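Biologist: I'm new to this one, so please pick a single part, take a close look at it with me, and then show me what lies around it.

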Amino acid sequence: MNSRQAFDMELKELSDSLIRMGAAAANAIDKALTALHTGDHTLARQVVSDDNQIDEMERSIEQKCLRLLLKQQPVAGDLRKISTAIKMITDIERIGDAAADIAEISLHLNAPDFPEIMEDVTDMAKMARGMASAAIDAYVKEDLELAHKTCKQDDIVDHYFLKIRAVLGEKMRANVNNMDAAMDYLMIIKYLERIGDHAENICEWVEFYKSGVHKKERIL
Amino acid sequence: MNIITAKGLNLHYGSFHALKNIDVDIPEKEITALIGPSGCGKSTFLKTLNRMNDMVQGVKITGEVIYHGEDIYANGMDVTVLRKNIGMVFQKPNPFPMSIYDNIAYGPRLHGNYKKSELNDLVERSLRGAAVWGEVKDRLKKSAMGLSGGQQQRLCIARALSVEPDVLLMDEPTSALDPASTMKIEELMSELKKNYTVVIVTHNMQQAARISDKTAFFLVGEMVEVGDTDDVFSMPKDKRTEDYITGRFG
């Protein structure tokens, strides 16, 4: 195997690591929402403790990327691929944190406190989770169209946030006893909205990988 | 502003078509790097810029190389003056087997009449310009052959500078040197471009990316792509360029 082939293998391993990290973060969102729906505190605690594994994956992939930069001194597409990976892992790690935060909040909620918002919360979570998975898929498949399409879905996530927030606002105004639970749910939907933002960030870095342009600015 | 422009340049070594329709501008007081795999024509192209290929038997050159508004291949071009103005430094340092002083003074003595004091000043200026004065000022009468490889190469650069060129052609100037000497030559090139135009052939991608302003990629006698170095190394337009600079071939 020549050195270029060995480098290609390392880049493939980098992509595989990102897929694993993305899957762990998506899994954390799923489990956090299940814990929220069912009041399963054991599951919620598992999500919180499993977040360390996602953090460890971030460190490991970061090291991989730095070693590749050191050893290979990449240029052009290789440089953009590796630097995109370095940026992406921060967003994926924060998605994991958001899921753990949702699980932590669910520990002191009675499920479900506001049944009328739960369908929208579930749909919002599915959309945000789907965005996170699609964003990583776009990187691995080098699919700029998928990245662009996924970015647009953040508007839908934001719409859900505003809709659910309005309902929670009414709940708080209607009865002061609703305040604590409503604020917890407000935090939850804020975390889901942030997951959408992080997925959008990943898509923007995929655009940089393919075109050298990030948020309409040519940076490399 | 461009100091040299090649237009429709073709070169044959006998029946072998070594350079094919080369069109390129060399910007003044910048470093232009020529990259490409072995045998692609980059050194051949470099040597067309001061007619060093004239000495190769069976060579045929068509097209133009415009320097200060004149085609250097036109009849009546004084090739000696041309090579004074467009100096060359080679891969292997090649000091003359004479003193350090005489190495530098050789060219000026051929081209002009200098008083002793003027020649002394010129030698010092040239050696300072090549960032080697401090290392040799106390042994100017000693043989240049006693210098290290890196010092010899800087001496060769000083020798080229002594006849006051405006362009320096460098054919893999650091490939025979150790990393520390390479770094000194690269630092020198960055200084030299304040006053001179530099065209360098290099196999070292990182060197080209580090020091040059413009990069031209050659392949099988063609110039595939030319552009700002940052652009060529970050977002090359041609897949062949991307494949070469990422080590997929060459």
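Modeller: Let's start with helix α3 of chain A, residues 76–106, which packs against helix α7 of chain A, residues 179–211, at about 170° with the axes 9 Å apart. Axes here are lines fitted to C-alpha atoms, for helices over the stretch in contact, and angles run from 0 to 180 degrees between N-to-C directions. So α3(A) is roughly antiparallel to α7(A) (under 35 degrees counts as roughly parallel, over 145 as roughly antiparallel, 65 to 115 as roughly perpendicular, and the rest as oblique).

Before going on: this is a predicted model, where local features need pLDDT of at least 70 and side-chain atom pairs count only at pLDDT 80 or more, while totals for chains, interfaces and linings use all residues. Residues are numbered from 1 along each chain as its sequence is written, and chains are lettered from A and ligands numbered from 1 in the order in which they are written. Helices (H or I, at least four residues) and strands (E, at least two) are DSSP runs, numbered from the N terminus.

The contact of α3(A) with α7(A) has 14 nonpolar, three polar and eight charged residues. For those classes, Ala, Val, Leu, Ile, Met, Phe, Trp, Tyr, Cys and Pro are nonpolar, Asp, Glu, Lys and Arg are charged, and the others, Gly among them, are polar. Helix α3(A) also meets helix α2 of chain A, residues 41–72: their axes come within 9 Å and cross at roughly 170°. That makes α2(A) roughly antiparallel to α3(A). Sorted by class, this contact has 15 nonpolar, three polar and eight charged residues.

Then there's the neighbour, chain B. In all, 10 residues of chain A are in contact with 12 residues of chain B (contact means C-beta atoms, placed from the backbone, within 7 Å). On the chain A side, α1 (3–38) and α3 each supply at least two residues, and α3(A) gives the largest share, four residues. That side of chain A has four nonpolar, four polar and two charged residues.

What about chain B itself? Chain B holds 10 helices and 10 strands, and its C-alpha trace spans about 55 × 45 × 35 Å along the principal axes. Of its 250 residues, 43% are buried (20 or more other C-beta atoms within 10 Å of a residue's own; 12 or fewer is exposed, in between is partly exposed, with C-beta atoms placed from the backbone).

Chain B has an open sheet of six strands with mixed pairing, in the order β6-β7-β8-β3-β9-β10 (two strands pair if DSSP finds at least two bridges between them). β6 (86–89) and β10 (222–228) of chain B sit at the edges with a single partner strand each, so one side of each has no neighbour in the sheet. Ignoring direction, neighbouring strands are turned by 15° against each other on average.

Now look at strand β3 of chain B, residues 31–35, where five of five residues are buried. B:I31, B:A33 and B:I35 point one way, and B:T32 and B:L34 the other. β3(B) pairs in the parallel sense with β8(B) over four bridges, and with β9 of chain B, residues 214–219, also in the parallel sense over four bridges. B:L34 has B:V201 as its bridge partner in β8(B) and B:A216 in β9(B).

Technical notes:
Contact = placed C-beta atoms within 7 Å.
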